[in-house]
Amino acid sequence: MKKFLLKAIAVSFTSSLFAQNDKPNVLFIAIDDMRPELNCYGESQIISPNMDRLANEGITFTRAYCQQALCGPSRLSLMTGMHPDGIGNYGMNSSNKIEWRDYRPGVTSLPEQFRNNGYYAEGFGKIYDNRLGIDEGYSWDKFTQGWKGAYSSPRAQEILATADSLIAIGEEPDIIRPAVDFWDTTDETYTDGSNTKLAVEFLQNYIKDEPFFLAVGFSKPHLPFVAPKKYWDLYDRNSIKLPQYANVAPGFTEYTLSPYKEIESYISRSIIDEDKTKELRHGYYACISYVDAQIGKILQALEDKGELQNTIIVLWGDHGFKLGDFGEWAKATNLEIDTRVPFIIRFPKKSMAGTKIATPIELTDIMPTLCDFANIETPSNAEGKSLLPLLCDQNAELRPFALTQYPRNGMAYSIRTQKWRYTEYVDKNTFETREQELYLIRDEILMEEENVEDLYPEEVARLSKMLHDYLETAPRWDGPAIPY
Amino acid sequence: MNSILKTLGYTALISIETAIVPKINAQEKPNILMFCVDDMNDWVGFLGGHPQTITPNMDRLASKGVNFTNAHCPAPGCSPSRNSLIFGIEPHNSGLYPFYNINNIEAGVIDSYYPLPLLFRNNGYYTKGITKVWHNPDNAYLQDSTWDEYSSHGDSNIQLIKEEGYYPDPYVKRLVACPGSNPLEDFMDYKNAMQAVDFLDKSHEDPFFLAIGFIRPHTPFIVPKENYDRFQVPIQEPPIKADDLVDIPIAGQSNAQIYVEIPMRRDGAWEKLRRGYLASINFIDDNVGRVMDALDKSPYADNTIIVLWSDHGFHLGEKRTYSKFSLWNEATRTPFIIYDPRGQNGNGLQCDESVGLINIYRTLCDMTGIEVPEYVDGISLTPWLDNPKLEMEKPAMTTWGRGNYTLRSKEWRYTRYFDGSEELYSETCDPNEWVNLANNERFDSIKDEFSKWLPKTEAPQVSSGLELYNVADADSPILNINSFLNNVSKYNAEGLQPPLYIK
C-alpha cells in the first residue's frame, strides 16, 4: 500500500515536472549500427558535438538495450513496442521484401498511434528496415526513403567494377566492394545528407495545425563506412585505438558469436591487419561525425522554426557493432557490444538536462514513454514500460531486466540486470535449456570478459528461473513468424 | 526482263550471275521500308538511354518487331559505316576505313561491290531512295542504276531562334542547337518523311524497297520549335567521369573531340546541346510516325518489312567527348529494329545479344529470298528474328581506322589499337566503360579469347577519294594524337572545368 502510494505520487510529480500545455512535436532520430561510443557515454574517441549537445540538454540512458541485434527485427520491435517473440519477427530478406503490416494488420505502431491522435507523421531515410516494409499510409502520412546508393566516388566505382568483373570470370577479389571510402564532396551526395536536406525543408515549410511526428533515420555508420572527406579529416589515423579485446573471451560457446560475417561481403578477412583495422575504425568514426553534423542541421532548423522548446527529441540506435572486438566485424549476437544502444531523450523544456540513467531499459520502452508524455493512450500491443517514473526516481523498479534475443541454437535469450548478463539457449517450443552463459559486466568495461557460468551456479539458477518465469507468461505470437 | 537491262548498265561481273534470278510473283515478295537515321544513340525510349527522351513512334515500332538492344555499327563515322552497311563489307576487307567521296575513288577499287538497293532492284524490286541513305556526297554513286526514284532534300532557309538555343561565337557548325521558327514544311526531314508518305499513298505493282535517310539528329540540331518546346531544363546529364581518359591508351584518348568541348565548356552549353539532341531525336520520331501511319493505312502494311538503324551512336559528354569517332559504347551502339509483319516468333521481343549492323545486308536478302553476292560479310539474323534469345557466338566488331578494332560481346568490350594498346571493359559490371581492365593480368584469358576474333588480314587503306580522315591509325599514327594533345593543353590552359586528365 505504501509502495503504491509512493508510486502514485511519483507519477503525478513526474507528470507535473514534464507537463505539456500543447501537444508536443516529436523528432524521432534513428541511427544505424551506432554503438554508444560517444563522449556523452564517457568515451573520447568520437567527435559528435551535436549528439553531445542533445545529451547535455536531455537524458542519456546508459544501459539501453535492443531486443534483437539486427536491423529488421530491432526496428520492428521498437516501432510496435513488442518483443520479437510478441510480433513474431526474427529477420528480413532482401530477396523477399515484404510489408510487415500485411502479416500483422491488428498491430498499432508508434507513429500510427500519434496519427490516430491528431499528429501528422512523416519520415525520411531508414526507420523500419525496408526489407520488412516502410508502412506508409499506416505509420506515416508520407515516407521518403531517399536512398542514393552506397558509393559515389570514382575510386569506389573502379573498385566495384574491377571486383565484379573478376567475379564474372570466376576469380575471387580481395575487395568485393569497398568497406570504406571518402570523397571530397558535399554532404548531400550521400543518402544521409540528402535526407537531412529534405527533413530541414520539411521543418522550414511545415504549416499544418497538427503537431508533427518527424522521423529521420540515418543509414550510417552502417557498413560501408563512406562519408565526405571532411569528416575523415577530423581524425588522425595514428591515434585511432585498436580494440581492447580483439580475441574471443574465455568460455564463449560455439553459439556466442555469429556465423554471419558481415565484413566478408565487403572485403576478405585475410586483408584485415592492424592498419586495415585502424582504417575501418577511422571510417566508422567519420561516419558518426557525418551523421552528427546532419543532426546538427536538423536541430538548427527546429530552433529556427521556433519549435525546439515544443518538441520532444528521441535519438536511438538499432543495435551496436563490433569493430574488431572479439575479432569480429558485425552485430547479430547477444553480447553487450551488440545489444547496447545509444538512447537519448531531450524534453521540450530541457527537463533534467544532463541526467544519466543507468537502469537497464529496453527500446520497447520508447513507445509507452512517448505516448505517456504526449498524453496519448499506449496501444494495447505495447510490451514495454513508460520511463517517466524513472525520471523522478532513478531507483524506481521498472523491470527486473532488459531482454534481448536471437534465434541461435534454438532461441538465445539474454537478460541484462545491473550486474549480470545471462544468456540461455532454449528449445523454441519446449523452452528446455540447451546452453547457458553468464557474464559479470563491469561498469567501466561493459564487455564480456569471461563466461563465469561454472563459478556462479546459484546466480545461473536464479537468473534462469527469472527468465523462465518471464517466458511462461510473455506475449508470444502463436501463428507463423513473419517470413524472411 | 527489266532487271537484266539494268544490270547491263552495271559493269561488275559478279552482278551478272546474281542478278539472273527467276521473276518472283510480286504478291509473294515482301516490301522493304528502311529508316536510315543519322547519329542516333540510345537516347530513345526503347533503349532507355535518357529518361527525358520522347520517342513514342519508334517505341511502337520496337514493341512490334525485334528490338536489338545491343547492336553495333561497323564504323563510328557516317561514311565508313554506311559504305560497310550498303556494300555489305567490313572496312578491314574493303580498305574503306575513313571518310570517302566514293565517286572519286579510282576505277576498279570498289566496282565489284553490289549496293544493297541495287541488288534488290535487280531482283525485281522497285527502289526509291530519299536523301541520306549513303553518306551525303556518295548519293550520286551509281544513283541512276540503283534507284528507280531518288530525291534529296534540304532545309529551306530556316530562321533560327538563337536566344532559345546555343549558337556559338565563333561559329562552329557542329555545335549549333537552335529551334527554327519556320513552318514544318521547310524542314528537310519532314520533306523526307512526306516523300515516303506520298510514295506509300501510290499504288505499286512490283514489290518496293523504300529507303528513307533522315539527317537529324546529326548536327546542327536545328528542328522545329515545337520539338524543342517538349524538353524543359534541367536536362539530365549522362554519367560522366571527369578523369575517365586517364586509364585509356593514347590512341584511344585521341578519339576524344576536345576541340569542340572547349567552346561548350566555356559557354556552359552542354545542357543546351543535350536539349537540342533530344529535340532532334523527337523530330525524327515524329517523322517516323508520319511514315508508319501512312504505311498502316496503305495496302502494304501486312507485307512490308520495316528496318530501322542508325549509322552509329553519339557521345554527349560521356568519356569526355562529343559526337562519334570513338570505339566506346556511345559511339558504336545504335538503335536497330526489324519488324516483319508476316509473323516472326521474335516480334514484340528484344534481342540482347551483340549484333553488328553489318548483318543487315544478308538478313534482308535472306528474308526476301535474294541470293547474296559471295564477298558479303556478316550473317543472316533471321534465326534471331525467330528466337531473340539465341546465343551469338561472334562478337560485333567496329573498326575505326586501319588497325583499330573493338569487339563487343554481350558481356565484354575488347579494343585493340594499331599500336597494340588495349582496352577491356566488363559491360555487365561497368556499363559506363569507366574502368579499363586491360592491364590487369587476371583478365588475360578474356583478352586471349577475344583476340581470335580480330581480323587476320587487313586490306590496305583505299588511297583515292579520301575525304575526312580524323583518326590515329596504322596509316597515320601521329597527326591526330598531336592535335588531341594540343587541344588538351588549350583546354586546361583556359582553366575550364572539370579539368582534363590524361596519362
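Analyst: Let's start with the pairing of β16(A) and strand β17 (residues 433-440) of chain A: the two run antiparallel and are joined by 7 bridges. Keep in mind throughout that this is a predicted model. To find your place along that pairing, look for A:Y425, which sits opposite A:E435 in β17(A). The two strands make a hairpin with 6 residues between them, and A:F431 in that turn has a positive phi of about 65°.

Now the other neighbour of β16(A). Strand β15 (residues 411-416) of chain A is also antiparallel to β16(A), through 6 bridges. Here A:R416 has A:R421 of β16(A) as its bridge partner. This is a hairpin too, with 3 residues between β15(A) and β16(A). So how much of strand β16 (residues 420-426) of chain A is covered? Mostly covered is the answer, as 6 of its 7 residues are buried.

Staying in chain A, there's an open sheet of 3 strands in the order β10-β3-β13, with mixed pairing. Its edge strands are β10 (340-341) and β13 (361-362) of chain A, each pairing on one side only. Strand β3 (residues 64-65) of chain A pairs with β13(A) in the parallel sense, over 2 bridges. In that pairing A:A64 faces A:I361 of β13(A).

A loop residue of chain A is next. A:K350 is found in the loop between β11 (343-346) and β12 (355-357) of chain A. A:K350 and A:L54 are 296 residues apart along the chain, yet 9.4 Å separates their C-alpha atoms.

Before moving to chain B, a word on where the chains touch. On the chain A side 11 residues take part, in contact with 15 residues of chain B. Those chain A residues divide into 5 nonpolar, 3 polar and 3 charged.

Chain B has an open sheet of 3 strands as well, ordered β12-β3-β15 and with mixed pairing. Because β12 (333-334) and β15 (355-356) of chain B each have a single partner strand, they stand at the edges, and one side of each is left without a neighbour in the sheet. Strand β3 (residues 71-72) of chain B runs antiparallel to β12(B), with 2 bridges joining them. B:H72 is the residue that stands opposite B:R333 in β12(B).

Then come the helices of chain B. Helix α4 (residues 78-87) of chain B is largely enclosed by the rest of the structure, because 10 of its 10 residues are buried. Among them are B:C78, B:P80, B:R82, B:L85 and B:F87. What do the buried residues of α4(B) pack against? They pack against α5 (91-94), α6 (116-121) and α14 (360-368) of chain B. Just after α4(B), B:G88 takes a positive phi of about 75°.

Two packed helices are described by the angle between their axes and the distance between the axes. Take helix α11 (residues 258-267) and helix α17 (residues 479-493) of chain B: they pack at an angle of about 15°, with their axes 9 Å apart. Therefore α11(B) is roughly parallel to α17(B). The crossing, where α11(B) passes α17(B), is left-handed. α11(B) contributes B:I258, B:Y259, B:E261 and B:I262 to the contact, and α17(B) contributes B:F484, B:N487, B:V488, B:K490 and B:Y491. Sorted by class, that contact of α11(B) with α17(B) has 6 nonpolar, 1 polar and 2 charged residues.

The other pair is helix α3 (residues 56-64) and helix α12 (residues 270-297) of chain B, whose axes come within 7 Å and cross at roughly 55°. At that angle α3(B) and α12(B) are therefore oblique to each other. From α3(B), B:P56, B:N57, B:M58 and B:L61 meet B:D285, B:V288, B:G289 and B:M292 in α12(B). By class, this contact of α3(B) with α12(B) holds 5 nonpolar, 2 polar and 1 charged residues.

Conventions
Residues numbered from 1 in each chain as written. Chains lettered and ligands numbered in written order. Predicted model: local features only at pLDDT ≥ 70, side-chain atom pairs only at ≥ 80, totals over all residues. Axes fitted to C-alpha atoms, helices over the stretch in contact; angles between N-to-C directions. Helix = DSSP H or I, 4+ residues; strand = E, 2+ residues; numbered from the N terminus. Parallel < 35°, antiparallel > 145°, perpendicular 65-115°, else oblique. Left-handed = near helix turned anticlockwise from the far one by under 90°. Contact = placed C-beta atoms within 7 Å. Nonpolar A, V, L, I, M, F, W, Y, C, P; charged D, E, K, R; others polar. Pairing = 2+ DSSP bridges. Buried ≥ 20, exposed ≤ 12 C-beta atoms within 10 Å, placed from the backbone.
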